[in-house]
Amino acid sequence: MVSIGYFLSCEEFGPKELVRQAQMAEEAGFQRLWISDHFHPWMDAQGQSPFVWSVIGALSQATSLPVGTAVTCPTFRMHPAIVAHAAATAAVQLEGRFTLGVGSGEALNEHILGQHWPPPGERLARLEEAVGIIRRLHTGKRTTHHGTYYRVDDARLYTVPERPVPISVSAFGPKAVELAARIGDAFCTASPDRELVGRYRDAGGGDRIVQGGMKVCWAPDEEDGLEQAHRLWANELLPGQVPSTLTRQKDFTAAASLVSREAVAAQMVCGPDAERHRARVRRYVDAGFDEVYVQQIGSRHEEFFRAYADEVLPAFHGA
């Protein structure tokens, strides 16, 4: 049975608006929430970047939906012990309805403390060590760790949930997928890639949860939606290591200017056609995803949630 969630964008909206959208999502029939964890937006046009852990605290009081980060980097900007502390508190606030989504990060957010940004292999190794630290601290036991990349000295979390916090690992390539299968409780990615899902399950992921995120721009007409999607999220289509290595919003904006409107239209459903929105969700379902998170780009959230409540979500309830 597929579960449809709503993807809260910290790159586009401030904390109060994110809470408002979460409440509308619950009222519309979305079953869970994802929320991005960034220090910066990708481009200045997106315009926001609140501290995700403060927003999660507010969400715990404003909705009854499960919440997950998509995704937190626990390796540079925040030490894994601090991420463990934040995630444990979030899980207590949400009464166990919290999943810590983790990934190897992007230089855009993680360079801010002046640390060297290493190649992908080291970033994955750091992520593996960080997840091990987080899991040990979530036991509530005293933890000392002298590893390759991190040190923890006689640390203990006193506020921990009754059950360990599930950890979902983001991956886009073969090595990262293998790591996700080895260290995660779930796997998340951003495209309906059946082959990637199969690789995850074959690598040891078995029947664990697979999560996927997608962006749409509901609007009264397709051209209006496409204009917003192209202006705000053309960076989503940048290839290879480009998104993980650029450090400035103006560089993302320059790179995104090379992405055509046609490419954005092929990647993101824009406009009011409910069947096209349903078809994009079905691509994830058909590829074997268990949870699909939909993000509305730009404005018109009231219309978006009404359209999904009436014409999209009913097609998947019980699917």
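Contact here means heavy atoms within 4.5 Å. This is a predicted model, in which local features need pLDDT of at least 70, side-chain atom pairs count only at pLDDT 80 or more, and totals for chains, interfaces and linings use all residues. Residues are numbered from 1 along each chain as its sequence is written, and side-chain values use heavy atoms, with hydrogens and water left out. Helices (H or I, at least four residues) and strands (E, at least two) are DSSP runs, numbered from the N terminus.

**Helix H12**

- H12 spans residues 274–286, 13 residues in total. Its first and last C-alpha atoms are 18 Å apart, close to the 18 Å expected at 1.5 Å a residue; that expected span is 1.5 Å times one less than the number of residues.
- The buried residues of H12 are Ala274, His277, Arg278, Arg280, Val281 and Tyr284. Buried means under 20% relative accessible area, exposed over 50%, and partly exposed in between (1.4 Å probe, protein chains only).
- These residues lie on the same side of H12, because they cover an arc of only 160 degrees around the axis. The arc is taken from the directions from the helix axis to the C-beta atoms.
- An α-helix has 3.6 residues a turn, so residues three or four places apart point the same way.
- The buried residues of H12 pack against strands S1 (3–8), S9 (209–217), S10 (269–270) and S11 (291–296), and against helices H11 (261–267) and H13 (301–312).
- At the start of H12, a side-chain oxygen of Asp273 comes within 3.0 Å of the backbone nitrogen of Glu275.
- Just after H12, Gly288 has a positive phi of about 100 degrees.

**Cysteines**

- The structure has zero disulfides, a disulfide being a pair of cysteine sulfur atoms within 2.5 Å.
- Cys10 has its closest cysteine sulfur in Cys188, 15 Å away and too far for a bond. Cys10 is buried, at 0% relative accessible area.
- Cys270 is in no disulfide, and its nearest cysteine sulfur, that of Cys217, is 5.5 Å away. Cys270 is buried too, at 3%.

**Aromatic pairs**

- The whole structure holds 16 aromatic pairs. Rings of Phe, Tyr and Trp (its six-membered ring) pair if their centres lie within 6.5 Å; planes under 30 degrees apart count as stacked, over 60 as edge-to-face and the rest as tilted.
- Tyr6 and Phe304 form a tilted pair, with centres 5.7 Å apart and planes at 50 degrees. Tyr6 lies in S1 and Phe304 in H13, so this pair ties together parts 298 residues apart in sequence.
- Phe304 also pairs with Tyr308, tilted at 35 degrees and 4.5 Å centre to centre. The two are four residues apart in H13, about one helical turn.
- Ring pairs link Tyr6, Phe30, Phe304, Phe305 and Tyr308 into a cluster.

Note on methods: A polar contact is a pair of N or O atoms within 3.5 Å; within protein, one must be able to donate a hydrogen and the other to accept it, and residues adjacent in sequence count only if both atoms are side-chain atoms.
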